[in-house]
Amino acid sequence: MVNRVSTGGNYSAVLANLIAAQERQMDAGEKVASQKNGSDLKDYARNAEMLTAMRAIESRLTTFSEQNKLVSDKLITQDFGLTQVADAAQTARQAIAEAIASGRVDTLMQDMQGAFRNAAEGLNSRYGGKYLFAGGQVDTQPFSATSLSDLTIPATNVTDYFHNDSFVAQAKVDDSTIIKTGFHADDIGVDMMEAFKTIQAFHEGASGPFTGELTVAQRTFLEGQLAAWDSVYAEQVNMVGRNGMLQSRVDSVKEDLITRTNSMKGMIGEIVDADMTQAVSNLQQAQISVQAAAQVFVALKESSLLNILR
């Protein structure tokens, strides 16, 4: 039996090899360019179900991380507001102590008014345009008094100036942790405003006003107020501490989420990320195969019987 070798058959075989080599080169080139093993789930058929599940987990972790950032930002703003109120309490207490020490009250009420204003601003702190300490009534200013004299208007109580409700904001920071992030203006400020009212009422009363040198009655009164303001300040410091504990808890969850997210990305990467050393090697081999197939094609063309007969 004689095996016949035809020019057409040779061309077909060499052309098929050339096309196959070019396809391998394209596949290898895409893998090197994208640094991925495929472009869609069909390229990961054996691991498609696992990959889908891991992508879902990664998406959920990302959502929690974004939520935690918002919660963290809110708690930072709350810390500013609560610290401002605490500083106002300390300022008021210091003004009283200095008046007792100096025996003069020339600027006492101005200092008290300044401390009151700072406390009111802290109680009316906002985040994202919403009042932080208003409970669920985030568009309603939680504390409405604007001066110390408002507190002593007849037939009014300090609580009349607080307008928050009892709703407590909370946030889910991971799969199993829900924290309450809300503080209420009346919980923060009622006792402080009662202390301010006591000072203002005395100032407006028979033993007032606070001007010039301290009288015996004024000194006795102010000395009695130091303990009250110590209590008010301690209460404000406690509020700041509670918010700080929430911040620490959120930060701890945030770190855990980062660790879990990085771990999940690593597991996904083991499936979808290309081995670049192998990918570059495959590309080089494919390029050599294309060059070799092309050279064979050219050589076959030059050895064709048609060229000899010309």
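Guide: Here is a short chat about the helices, the core and a few contacts.

Guide: This is a predicted model, where local features need pLDDT of at least 70 and side-chain atom pairs count only at pLDDT 80 or more, while totals for chains, interfaces and linings use all residues. Residues are numbered from 1 along each chain as its sequence is written, and side-chain values use heavy atoms, leaving out hydrogens and water.

Visitor: How many of the residues count as buried?

Guide: Of the chain's 310 residues, 37% do. Buried means under 20% relative accessible area, exposed over 50%, and partly exposed in between (1.4 Å probe, protein chains only).

Visitor: What makes something a nonpolar core?

Guide: It's a set of buried Ala, Val, Leu, Ile, Met, Phe, Trp, Tyr and Cys residues joined through side-chain atoms within 4.5 Å. The largest one here has 57 residues, with Leu108, Met112, Met193, Phe196, Leu222 and Trp229 touching the most other members. Elements giving it two or more residues include helix 3 (108-123) and helix 4 (185-204), but helix 2 gives the most, 14 residues.

Visitor: Why are helix 3 and helix 4 called roughly antiparallel?

Guide: They pack at an angle of about 160°, with axes 11 Å apart. Axes are lines fitted to C-alpha atoms, for helices over the stretch in contact, and angles run from 0 to 180 degrees between N-to-C directions. Under 35 degrees is roughly parallel, over 145 roughly antiparallel, 65 to 115 roughly perpendicular, and the rest oblique. So helix 3 and helix 4 count as roughly antiparallel.

Visitor: Which residues does Met193 contact, beyond its neighbours within four places in sequence?

Guide: Contact means heavy atoms within 4.5 Å. By that rule, Met193 is in contact with Phe116, Ala119, Leu123, Phe143, Leu151, Val158 and Phe162.

Key
Helix = DSSP H or I, 4+ residues; strand = E, 2+ residues; numbered from the N terminus.
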